[in-house]
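Here are my notes on this entry. Please keep the sequence and structure open while reading the points below.

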Amino acid sequence: MIHAAAPVRAKRVLPGFTLSLGTTLLYLTAIILIPVLALILKGAEIGPARFWAIVTAPRALAAFQVTITAAVIATAFNAVYGLLMAWVLVRYEFPGKRILDALMDIPFALPTAVAGLSLTALFSANGWIGQFLEPQGISIVYTIWGVALAMAFTSVPFVVRTVQPVLEDLDPAFEQAARTLGASEGAIFARVVFPQILPAWLAGCTIAFARSLGEFGAIVFIAGNLPMKTEIAALLAFIRLEEFDYQGASAIALVLLMFALILLVVSNRLQAWAMRFKGI
Amino acid sequence: MTIAISSLTKRFDQTAVLRGIDLTINDGELVALLGPSGSGKTTLLKIIAGLDWPDAGGLVVNGQDWLPLPAQKRRIGFVFQHYALFPHMTVRDNIAFGLTVRPKSERPSKTAIAAKVDDLLGLLQIPHLADRFPAQLSGGQRQRVALGRALAIEPAVLLLDEPFGALDAAIRRDLRAWLREVHQATGSTTLFVTHDQEEAFELADRVVVMGEGRIEQIGSADQIHDHPASPFVARFMGAVVELPVTLRAGRAEAAGLDARMLERRAMADGPAQLFLRPDAIALDADPASPWILSHKASNGAMIRATLRRADGTEVPVDLLRHSAPDLSLGTAYRLRPLTGAVFPLDGVAQNDAPRPLPILKEKRQ
Ligand SMILES: Nc1ncnc2c1ncn2[C@@H]1O[C@H](COP(=O)(O)OP(=O)(O)O)[C@@H](O)[C@H]1O
Ligand SMILES: [Mg+2]
């Protein structure tokens, strides 16, 4: 009578579904939810008036402004450069393509401090690149451009690696169809190719922007960290922590967190809009 | 538009995909390109469209050399095998694409484009789908939109790559009849690719059979059926029964074979290979025949009988159930072919390498 006792039910794909789901949820809670919650509670402890005073203090405002401005510059650059790089890696065959492809991951693999140090060495007044820029009156190191440079360096793979697979999967028949219909190469890119990689590209740019807001290690070396000039928000939070000003630190961190959340929501909306044609 | 293709060759790396194609398609003609998967049909279509280029050979359309002409300038309507509809555009925008991408000086006005699209939507019988995205359409509907998009530019030449390949049988039949109407209405020179012989014969004025990058035969349905030009064509037309025979005075002879209904061949006496279709064989009881009925099964309309010889050779025979004689298992029958093709043995061996599977419908991913 064994078969009578066995309940008739579709088998789960994952063996031990309850166990695996439990583990992932537990992990998610411990590593993401609890810290975020703690941060919010810590912020709530402060009280609205004090919170407002901390985050609108001139030094904090300046730090936010530097962080966001530099992240916007870095993301704008990566949006264009990352797209171009993905295009080149997918559409062209050339010697050294594999090496270039592998190089794209270096910002992920490299300790950010090492990246910061080498960028500083390259772009300082007597560095390899800096020595040519300095006479033109362009200084990178210890300016907001340095901050943007470090951000751009550490976040470019996000754009390349999100756009690349989508571009690779794009059926060449779309472009061929457009060609037989008389579309110029420019029109093919603008009207056939780009709209289809737009969702991935937006996603890549958002993550790159979010990452730039939070970048720390690479920036502190190249920025000079002058309060009110090149001091970024993450560093200010760190300084407050070193001064045992937990409230100040968590208030600033909370603002960064809010930025990140708003960004995620906006980006999800944008992507949903860009993918509206995929729905059934 | 008269398309003249001469000695076209094309290789991808080591593989010769087209090995000298000569073909002329007359103005307004509807021609089918029939052949098994991998025979180079798509490649030929792409070369005509300007999406690929041959290594050698000529492509002349209405007296003009088309090879230096970019695809954009050829005014070809190309319907892709998997439609390639732009997924981010509505049906209306897909159909209008070829008009809206024209340079300003040649572009019709917005209202003219809208009117043209409305006309086409009517012709395609899909006005109610105008504002849907391709993801929201069925296969047959996508096929219509793909055709509409190609027709919008009023192409001089229409190329269709397995236009009905991915659709189920009933829809295929509908669309076939409808494509014929469209062809009559537009009068554009049309070349369509298929691996389905029924489709090719039903639709086309002329059928071009391709195999391994060569044209094996050009002709009407009857010509190709009754007089296949090569063992390849015979097999592709479904002549899966191959029997070694001896030719004597142009007639095939073998034990248990009654080939009197076949025409005499102008071929030398000696060993040859006889190609038969299972549905073109009749059976007569004959105790002297080595062919024993070993199996029979009915699908309602047809009976499939299997005859077996002592050496293990099997011959399938398809008979109409209502007109078939009563067959009993274990009885000996003589094979009486109604049509068939005979080729000398050396010709068979030469073409023997890849065997197409004519009965099984090609699987697609
Ligand atoms: N871009 C390509 N690169 C290499 N080989 C190709 C390419 N396109 C087609 N082929 C090869 O050419 C042969 C003919 O292909 P195709 O023209 O698509 O045949 P069909 O349309 O008759 O199925 C196949 O063997 C295929 O693998
Ligand atoms: Mg093909």
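1. A residue counts as near a molecule if one of its heavy atoms lies within 4 Å of it. Around ligand 1 these residues are B:Phe12, B:Val17, B:Pro36, B:Ser37, B:Gly38, B:Ser39, B:Gly40, B:Lys41, B:Thr42 and B:Thr43. This is a predicted model, where local features need pLDDT of at least 70, side-chain atom pairs count only at pLDDT 80 or more, and totals for chains, interfaces and linings use all residues. Residues are numbered from 1 along each chain as its sequence is written, chains are lettered from A and ligands numbered from 1 in the order in which they are written, and side-chain values use heavy atoms, without hydrogens and water.

2. The shell around ligand 1 holds three nonpolar residues, six polar and one charged (Ala, Val, Leu, Ile, Met, Phe, Trp, Tyr, Cys and Pro are nonpolar; Asp, Glu, Lys and Arg charged; the others, Gly among them, polar). Helix α1 (residues 41–49) of chain B contributes the most, three residues (helices are DSSP runs of H or I, at least four residues, numbered from the N terminus).

3. Oxygen atoms of ligand 1 lie 2.7 Å from a backbone N or O atom of B:Gly38 and 3.0 Å from one of B:Gly40. In B:Thr42, a side-chain N or O atom is 2.6 Å from a ligand 1 oxygen. The polar-contact limit is a pair of N or O atoms within 3.5 Å.

4. Chain B is divided into domain 1 (3–226) and domain 2 (240–352), with bounds from an automatic or database domain assignment. Their centres, taken over C-alpha atoms, are 40 Å apart.

Key. Polar contact = N/O pair within 3.5 Å; in protein donor to acceptor, adjacent residues only side chain to side chain. Helix = DSSP H or I, 4+ residues; strand = E, 2+ residues; numbered from the N terminus.
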